Amino acid sequence: MFTGIIESLGKVESLQNVGGDVRLRIQTDLDMSDVHLGDSIATNGICLTVIDWGENWYAADVSRESLNRSTLASWKAGQAVNVEKAMLPTTRFGGHIVSGHVDAVGEITVVRSDARSLYFEVTAPVEIAKYLAEKGSVTVDGISLTINHLRGNILSLNLIPHTAERTNIGTWKVGSQVNLEVDVLARYIERLLLGDKAAEPKAESKLSMEFLAANEQLLPTFLENYGLWIYAILFLIIFAETGSVFMFFLPGDSLLIAVGALCSTAESVHLHYMGVLLIIASILGYMVNYYTGRALGFKFFHAHSRWFKPEYIKKTNHYFEKHGGKTILVARFVPFVRSFAPFAAGAGHMKMPVFMLYNILGGWIWIALLLGAGYGA
């Protein structure tokens with residue numbers, strides 16, 4: 001996982017064809033002293049696995065999937081690339097959540113000066129337009145950027161001088177191809193549900209029935225087979241996803257939208273009863289996760305741990321003292337982070353009254369918004 005805050009402007013040293021794949025070697029001024037075999041380093045937004053490294057370089061193998069999905073197939077020796085090492089649990093979260101999994105390649109269509117900033121327009125492929133939102137975040141060649149305006153699948157960006165100096169945007173020109181990764185935050189749910197209509201400049205904010213049909217097809221079957229036990233089943237799913245760091249894979253967001261749609265069509269499933277029940281499940285899940293982190297979190301922090309060293313717990317404590325409330329609130333809308341945040345809050349000894357305030361508020365908003373989105377489809 002990365003933040004989109006570029007740490008180094010690297011350079012492609014060599015590209016070698018190895019059995020149809022590519023072995024890549026990158027020069028960088030990053031501190032490589034803490035790099036280990038198998039670590040991840042984002043290179044122009046592509047998450048690459050380190051297979052070899054030295055004082056000022058690292059090497060990685062690139063699969064056909066990455067070559068087909070990104071701009072990497074067109075890279076040349078000597079080309080400038082943006083480099084960022086994977087974030088640690090205690091890293092300052094300066095950008096937004098970046099996975100390093102490129103979704104598509106976009107094209108620079110406009111480049112001009114805008115006072116001291118640089119203004120760019122990027123045309124994204126139609127198929128990813130539904131994931132973009134005005135004033136939301138997008139990753140362009142590994143850089144965390146804010147979408148200033150959005151016209152269908154054309155996004156406009158402003159880059160300040162500092163970003164221009166520390167990244168490869170000086171090489172961007174009209175016609176340049178760039179790697180794009182969409183954001184995972186909840187602000188994208190509405191445009192996600194628009195389906196292909198998101199590429200239309202005047203697309204209306206209506207839910208995609210195709211999306212709902214794909215996600216809710218199992219719920220009527222559950223209702224038919226288990227009747228009102230569906231309340232208990234859904235309670236347990238939401239409780240499990242929010243109550244354990246190991247249950248991050250459960251489909252919380254899409255499930256809630258599908259449940260909202262079910263409430264609008266099934267007479268035996270009431271929206272208000274379901275909403276109250278799932279809000280309780282989400283709040284209780286966070287409480288269990290918090291107390292688990294408070295009781296067991298210290299066991300992850302020991303001198304021989306690669307990621308969770310003892311000094312990190314002090315940084316975690318300090319972070320949750322300053323930013324704990326908004327972290328708990330925003331985490332509700334971010335898969336994986338939703339399952340990890342309350343555990344980290346407990347391990348960081350976030351004050352319980354503050355945690356509960358944002359736990360209740362976040363749980364209520366999360367459930368209400370997504371159930372309401374599905375119900376109004």
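**Entry 1: Ala281**

I began with Ala281, which lies in helix 8 (residues 271-296); helices here are DSSP runs of H or I with at least four residues, strands are runs of E with at least two, and both are numbered from the N terminus. I worked on a predicted model, in which local features need pLDDT of at least 70, side-chain atom pairs count only at pLDDT 80 or more, and totals for chains, interfaces and linings use all residues. I noted that residues are numbered from 1 along each chain as its sequence is written, and that side-chain values use heavy atoms, with hydrogens and water left out.

I found Ala281 buried, at a relative accessible area of 0%; buried means under 20%, exposed over 50%, and partly exposed in between, with a 1.4 Å probe and protein chains only. Leaving aside residues up to four places away in sequence, Ala281 touches Phe235, Ile238, Phe239 and Thr242, where contact means heavy atoms within 4.5 Å. I computed a C-alpha to C-alpha distance of 4.8 Å between Ala281 and Phe239, which are 42 residues apart in sequence.

**Entry 2: the chain as a whole**

I counted eleven helices and 13 strands in the protein chain. Of its 377 residues, 47% are buried. Among contacts between residues at least 6 apart in sequence, 72% join residues at least 24 apart.

**Entry 3: the barrel**

I traced a closed barrel of six strands in the order 1-2-5-4-3-6, with antiparallel pairing; two strands pair if DSSP finds at least two bridges between them. Neighbouring strands of this sheet are turned by 45° against each other on average, direction ignored; the axes are lines fitted to C-alpha atoms. Strand 4 (residues 46-54) and strand 5 (residues 57-62) run antiparallel and are joined by four bridges. Val50 stands opposite Ala60 in strand 5.

I then looked up Asn82, which sits in strand 6 (residues 80-85). Asn82 counts as buried because its relative accessible area is 1%. A polar atom of its side chain lies 2.9 Å from the backbone oxygen of Asp141.

Asp39 is buried, at 10% relative accessibility. A polar atom of the Asp39 side chain lies 2.9 Å from the backbone nitrogen of His36.

I found strand 7 (residues 104-114) and strand 8 paired in the antiparallel sense over seven bridges, with Arg112 opposite Tyr119 in strand 8. The two strands form a hairpin with two residues between them, and Ala115 in the turn has a positive phi of about 60°. Strand 8 (residues 117-123) is mostly covered, five of its seven residues being buried. Strand 8 also pairs with strand 12 (residues 154-159), antiparallel and over six bridges; there, Thr123 has Ile154 as its bridge partner.

**Entry 4: helix 11**

I compared the span of helix 11 (residues 352-375) with expectation: at 1.5 Å a residue its 24 residues should span 34 Å, and the end C-alpha atoms are 33 Å apart, which agrees. The expected span is 1.5 Å times one less than the number of residues. Buried residues in helix 11 include Phe355, Trp366 and Leu371.

Notes:
Axes are lines fitted to C-alpha atoms, for helices over the stretch in contact, and angles run from 0 to 180 degrees between N-to-C directions. A polar contact is a pair of N or O atoms within 3.5 Å; within protein, one must be able to donate a hydrogen and the other to accept it, and residues adjacent in sequence count only if both atoms are side-chain atoms.
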